[in-house]
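Subject: Structure handover

Hi there,

Here is the structure I promised to pass on.

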Amino acid sequence: MLIPQNNNGVIDANTYATEQELASYVAARGIVLTNEPSSLLLKAIDVIDAKQYKSDKTNLLQQTEFPRLGVGIPASIKKAQILLAVAADTNDLLSATTEQ
């Protein structure tokens, strides 16, 4: 089950983008996903949250890297998760990120 993060630092959140946001994005572009949207979003957030970021988390107990103090959750982070989720539908994100 996906639990969306918000700018308050939900402790057990596991996604920035919602399934509805992903569905809207792919529908607008005529993309048909072949895998479960929630699974794709989880794979995508794993990549995003594996990176290091400046500033501190809003809530030190939150599992996600965002929101961060003074930044919240940037729109670019949500969009990156959606783009990575689309890519995860046909690619192995783990191997793609470890080959860099």
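First, a definition: helices (H or I, at least four residues) and strands (E, at least two) are DSSP runs, numbered from the N terminus. Please keep in mind that this is a predicted model, where local features need pLDDT of at least 70 and side-chain atom pairs count only at pLDDT 80 or more, while totals for chains, interfaces and linings use all residues. Residues are numbered from 1 along each chain as its sequence is written, and side-chain values use heavy atoms, with hydrogens and water left out.

**Overall picture**

The chain holds 4 helices and 0 strands, giving the pattern α-α-α-α along the sequence. Its C-alpha trace spans about 35 × 30 × 20 Å along the principal axes. The radius of gyration (over C-alpha atoms) is 13 Å, which agrees with the value near 13 Å for a compact globule of 100 residues, the globule rule being 2.2 Å times the number of residues to the power 0.38.

Of the 100 residues, 35% count as buried; that means under 20% relative accessible area, with exposed over 50% and partly exposed in between (1.4 Å probe, protein chains only). Taking contact as heavy atoms within 4.5 Å, residues 24 or more positions apart account for 60% of the contacts with a separation of 6 or more. The chain exposes about 6000 Å², and carbon and sulfur atoms supply 54% of this area, computed by the Shrake-Rupley method with a 1.4 Å probe.

**The cores**

In soluble globular proteins, nonpolar side chains tend to be buried together. A nonpolar core here is a set of buried Ala, Val, Leu, Ile, Met, Phe, Trp, Tyr and Cys residues joined through side-chain atoms within 4.5 Å. The largest one has 14 residues, of which L22, Y25, V26, L41, I82, A85 and V86 touch the most other members. At least two residues of this core come from each of α1 (19–29), α2 (37–49) and α3 (75–88). Another core, of 6 residues, lies apart from it and includes Y16, I45, F66 and I77. Back in the largest core, I82 is one of the residues that touch the most other members; setting aside residues up to four places away in sequence, I82 touches A17, E21, L22 and Y25.

**The loop between α2 and α3**

Several residues worth a look sit in this loop. Which residues does Q62 contact beyond its neighbours within four places in sequence? They are Q5, G9, V10, I11, K57 and P67. Q62 lies in the loop between α2 and α3 and is buried, with a relative accessible area of 3%. The C-alpha atoms of Q62 and N8 are 9.4 Å apart, although 54 residues separate the two in sequence.

Two backbone details may interest you. Most residues other than glycine have a negative phi, and most peptide bonds are trans. S55, in the loop between α2 and α3, has a positive phi near 75° and is partly exposed, with a relative accessible area of 36%. The peptide bond joining F66 and P67 is cis, with omega about 10°, and P67 belongs to the loop between α2 and α3.

P74 is in the loop between α2 and α3 too; P74 is partly exposed, at a relative accessible area of 21%. Its C-alpha atom is 9.7 Å from that of Y16, 58 residues away along the chain.

Best wishes
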